[in-house]
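Colleague: I would like to learn how to read this model. Can we take it one feature at a time?

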Amino acid sequence: MSFSVIERSLAELEVRAIRERSLQAAEPWDLSERTPERQAERVAAATESFCEFERIYFPPQVHLDGYWPPNALHRDIVDSCHTPGVHLFLGPRDHGKTVKMKMVLAWLTLTAQVQTAATLSQVIPTSSNILDDIAEMVFYNPRIAHDFGVECIENNEKQIRFRTYMNGRFQPVATIGAFSEGVSLRGFTKGFGRPRFILCDDFETSVSPLGDDQVKARIRFISEARRSLSRTGVLYWSANNFDVRCASNVLKQQAEKGTLSAGWYVHCWPIWSPEYGVLWPERFPGCTTLEDVQAATNALDDADFWGNDMQEPRQPDGEFFTRDHYHLWRSLPDDARGVVVTDPNLSLKGAGDTTAVVGLLFAPSTMAFYILPGVVCRSMRAPEHVLESALGMRNDRIVMLAMDGSVSQEAHWTNHIVAWCRINQRAYPPLHFYRYTVDNISIGAALVYNGDRLYFPPDMALHEDGKRAEAMVRLPRKEAIPQG
């Protein structure tokens, strides 16, 4: 055996010893607490409530990195453990998603609510590590050992088996096995029962292939794993929505559109939200705004933060409009005036191509351009939706409404405007038509943007239309120049 292998083995043993010592920090009960009556009371309370189980058997001193009270994400994880189906939990890094899931699985098996379960990951070593963490919770916590009378039957990298002694009798044997993409769950049954619970983590990572076929195959694998469960089975999937192409984002978009398959649930918990502020305020004291939280994380850049922490992955930068020159305005100059511009694109099915309606101002005092709040960027199938979106963006700073269109489009949309006037019994403001070529306007826009003279509204990333428009700004890339 080489010295490097020996050193690595010793390091792994040291890490394991530290973790075992942390669990032993849950000091065994003193004599007054070891009476059968007190033991029965604790076991009854812990069986009835996971929160009591965590409070009794995993006190704050067990948590090596510090203890903070559970947050809304943790409570959601606990509340979902009896709802059959696939539960995809999208939450920030370093927020204890997987640790909470491991504790839930330990609770379910120790209290005999689940007899057969599994861990699942992209590769078997990761799945075995998750299994090892659960084994440490079950076998090395002296409080649990005393109250539940845990008897270890098997404990290795492939599976653990144990039984507990409660209420004067042994409970059914609990089995938890480790599985991966290469080790299928098919046929994993114990006695007459299928698995009742699967804990999936690190099933898709930043080094996973993200082609359409690979992502679809990954989702199919999870679907097959679900079919290996009992009818009341639960699959927990802990993930980060790190890329627009990843399976997590595909499922999140399906959930938002209402097309997600029955029995699949997406629980999305960004690190900060306008609805609840900071997800874990105790973990980030003093942080109240989105900017505060971003500064407090160890995110590499905006893309890392918005994907792994906010669960809103962004398109990679194009070659004309990069993130380096993306700025938000805090207030508008008094002399800023401009136009509302839209394009005549319609989608008959209300899906597919998008129509943009944007208010753009120019301020001579700063020689800069400013985009108004409330950008519209979505598929619209009815002309009146486009007309009303443009009309709704007018304010005292807007001097003109404009539409990009050719002569034929001008005649076509003039008819729509006449129809709108008849329906609404009022005149529509003058609408000016201009014909531009994309190449000409994109070059000028790139010069302004890269000169730090284009400012986006503060709410740009806080609503779906703004997010969609922002992503499209950075999509354009240089065309490859033919050789020869």
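Colleague: Is Ile441 buried, exposed or partly exposed, and why?

Modeller: Start with the relative accessible area. Buried means under 20%, exposed means over 50%, and partly exposed is in between. Ile441 has a relative accessible area of 43%, so Ile441 is partly exposed. Keep in mind that this is a predicted model.

Colleague: Where does Ile441 lie?

Modeller: In helix H14, which covers residues 438–450.

Colleague: Which residues form a nonpolar patch with Ile441?

Modeller: Tyr434 and Tyr436. Together the three residues have about 290 Å² of accessible area on the surface.

Colleague: Now a loop. Where is Gln171 placed, and is Gln171 buried or exposed?

Modeller: Gln171 is in the loop between strand S6 (169–170) and strand S7 (174–180). Apply the cut-off again: buried means under 20%. Gln171 has a relative accessible area of 10%, so Gln171 is buried.

Colleague: What is Gln171 in contact with?

Modeller: Set aside the neighbours within four places in sequence. That leaves Ala112, Arg163, Thr164 and Met166. For Met166 there is a polar detail: its backbone oxygen lies 3.3 Å from a polar atom of the Gln171 side chain.

Colleague: And Thr232: which loop holds it, and what is its accessibility?

Modeller: Thr232 lies between helix H8 (212–227) and strand S9 (234–239). Its relative accessibility is 44%, so Thr232 counts as partly exposed.

Colleague: Which residues does Thr232 contact, beyond four places in sequence?

Modeller: Pro84 and Arg196. Arg196 is 36 residues from Thr232 along the chain, yet their C-alpha atoms are separated by 6.8 Å.

Colleague: How do I read strand pairing? Take S3 and S4: how many bridges join them?

Modeller: Look at the bridges and the direction. Here 4 bridges join S3 (residues 151–155) to S4 (residues 159–163), and the strands run antiparallel. One of the residues to check is Asn155, whose bridge partner in S4 is Ile160. A hairpin of 3 residues joins S3 to S4.

Colleague: Last, the whole protein. How many helices and strands does the protein have?

Modeller: 15 helices and 20 strands. The protein has 484 residues, and buried residues make up 44% of them. The accessible surface is about 25,300 Å², with 53% belonging to carbon and sulfur atoms.

Colleague: What share of contacts comes from residues 24 or more positions apart?

Modeller: Count contacts with a separation of 6 or more. Residues 24 or more positions apart account for 70% of those.

Notes:
Residues numbered from 1 in each chain as written. Predicted model: local features only at pLDDT ≥ 70, side-chain atom pairs only at ≥ 80, totals over all residues. Heavy atoms only, no water. Pairing = 2+ DSSP bridges. Helix = DSSP H or I, 4+ residues; strand = E, 2+ residues; numbered from the N terminus. Buried < 20%, exposed > 50% of the residue type's maximum accessible area, 1.4 Å probe, protein only. Contact = heavy atoms within 4.5 Å. Areas by Shrake-Rupley, 256 points an atom, 1.4 Å probe, with all protein chains shown as cover. Patch = residues over 30% accessible without salt bridge, like charges linked within 9 Å, V, L, I, M, F, W, Y side chains within 5 Å. Salt bridge = Lys/Arg side-chain N within 4 Å of Asp/Glu carboxyl O. Polar contact = N/O pair within 3.5 Å; in protein donor to acceptor, adjacent residues only side chain to side chain.
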